[in-house]
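Reader: I would like to go through a model feature by feature. Please take the general idea of each feature before the case at hand.

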Amino acid sequence: MANVMSIALTVLAACTQTVSHKWWFCRAATAFHRLSQYAECIQWCDRGLELAHDNTGLVELRQKAVRGQAAQAKEERKRAVMERKQQAHRAKLDKAVAVRVHIANGYAEGSYAGNVHFG
């Protein structure tokens, strides 16, 4: 990973000085793809395709990056849904424990536990 990041940084420095070399864009896009930084990879592919419209390697790499970006977004949505489900489950458990503690402390004597409500 350190080597890939080093390549990306080298290419970034080189492109600030001379933008005409097409292989730098391909190299930078490949490095960012391997780092799973798909948005950066897409930007570098687009910049390279401005200079070389017929570069099939950049076109394929851009398509892979778009698919990778979509997969990352899907995983992020899945993780958010699972987190919300866990929080809801945790809230239910906390409420059940609060009811049991309330009953165990004798506060609900003579009353039905189902009538005890907490916020």
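Author: What follows goes from the overall fold to the helices and then to a few side chains. The model is predicted.

Reader: What does the secondary structure of the chain come to?

Author: One starts by listing the elements in sequence order. Here there are four helices and zero strands, and along the sequence the pattern reads α-α-α-α.

Reader: How much of the chain is buried, and what share of its accessible surface belongs to carbon and sulfur atoms?

Author: Burial and surface are read together. Of the 119 residues, 23% count as buried. The accessible surface is about 8700 Å², and carbon and sulfur atoms account for 55% of that area. As for contacts, take those between residues at least 6 apart in sequence: 43% of them join residues at least 24 apart.

Reader: Which residues of H2 are buried, and on which side of the helix are they?

Author: An α-helix has 3.6 residues a turn, so residues three or four places apart point the same way. In H2 the buried residues are Trp 24, Phe 25, Ala 28, Ala 29, Ala 31 and Phe 32. They cover an arc of only 160 degrees around the axis, which puts them on the same side of H2. The face turned away from that buried side carries the exposed residues Trp 23 and Arg 34.

Reader: Which residues of H3 are buried, and what arc do they cover?

Author: The buried set in H3 is Tyr 38, Cys 41, Ile 42, Trp 44, Cys 45, Gly 48 and Leu 49. Their arc around the axis is only 165 degrees, so they lie on the same side of H3.

Reader: What covers the buried residues of H4?

Author: First the list: Leu 58, Leu 61, Ala 65, Gly 68 and Val 99 are buried in H4. The cover over these residues includes H2 and H3.

Reader: How many aromatic pairs are there, and is the pair stacked, edge-to-face or tilted?

Author: Ring pairs are classed by the angle between their planes. The count here is one aromatic pair. The rings of Phe 25 and Trp 44 have centres 5.6 Å apart and planes at 40 degrees, so the pair is tilted. It links distant parts of the chain, with Phe 25 in helix H2 and Trp 44 in helix H3, 19 residues apart. Both Phe 25 and Trp 44 are buried.

Reader: Which charged end sits over the ring of Trp 44?

Author: That of Arg 47, which is 4.4 Å from the ring centre.

Reader: Where is Ser 36, and what is its phi?

Author: A positive phi is worth noting in a residue that is not glycine. Ser 36 has a positive phi near 60 degrees and lies in the loop between helix H2 (22–34) and helix H3 (38–51). At 35% relative accessibility, Ser 36 counts as partly exposed.

Technical notes
Residues are numbered from 1 along each chain as its sequence is written. This is a predicted model: local features need pLDDT of at least 70, side-chain atom pairs count only at pLDDT 80 or more; totals for chains, interfaces and linings use all residues. Side-chain values use heavy atoms; hydrogens and water are left out. Helices (H or I, at least four residues) and strands (E, at least two) are DSSP runs, numbered from the N terminus. Buried means under 20% relative accessible area, exposed over 50%, partly exposed in between (1.4 Å probe, protein chains only). Contact means heavy atoms within 4.5 Å. Accessible areas come from the Shrake-Rupley method with a 1.4 Å probe; for residues, only the protein chains shown count as cover. The arc is that of the directions from the helix axis to the C-beta atoms. Rings of Phe, Tyr and Trp (its six-membered ring) pair if their centres lie within 6.5 Å; planes under 30 degrees apart count as stacked, over 60 as edge-to-face and the rest as tilted. A charge sits over a ring if NZ of Lys or CZ of Arg is within 6 Å of the ring centre and within 35 degrees of the ring normal.
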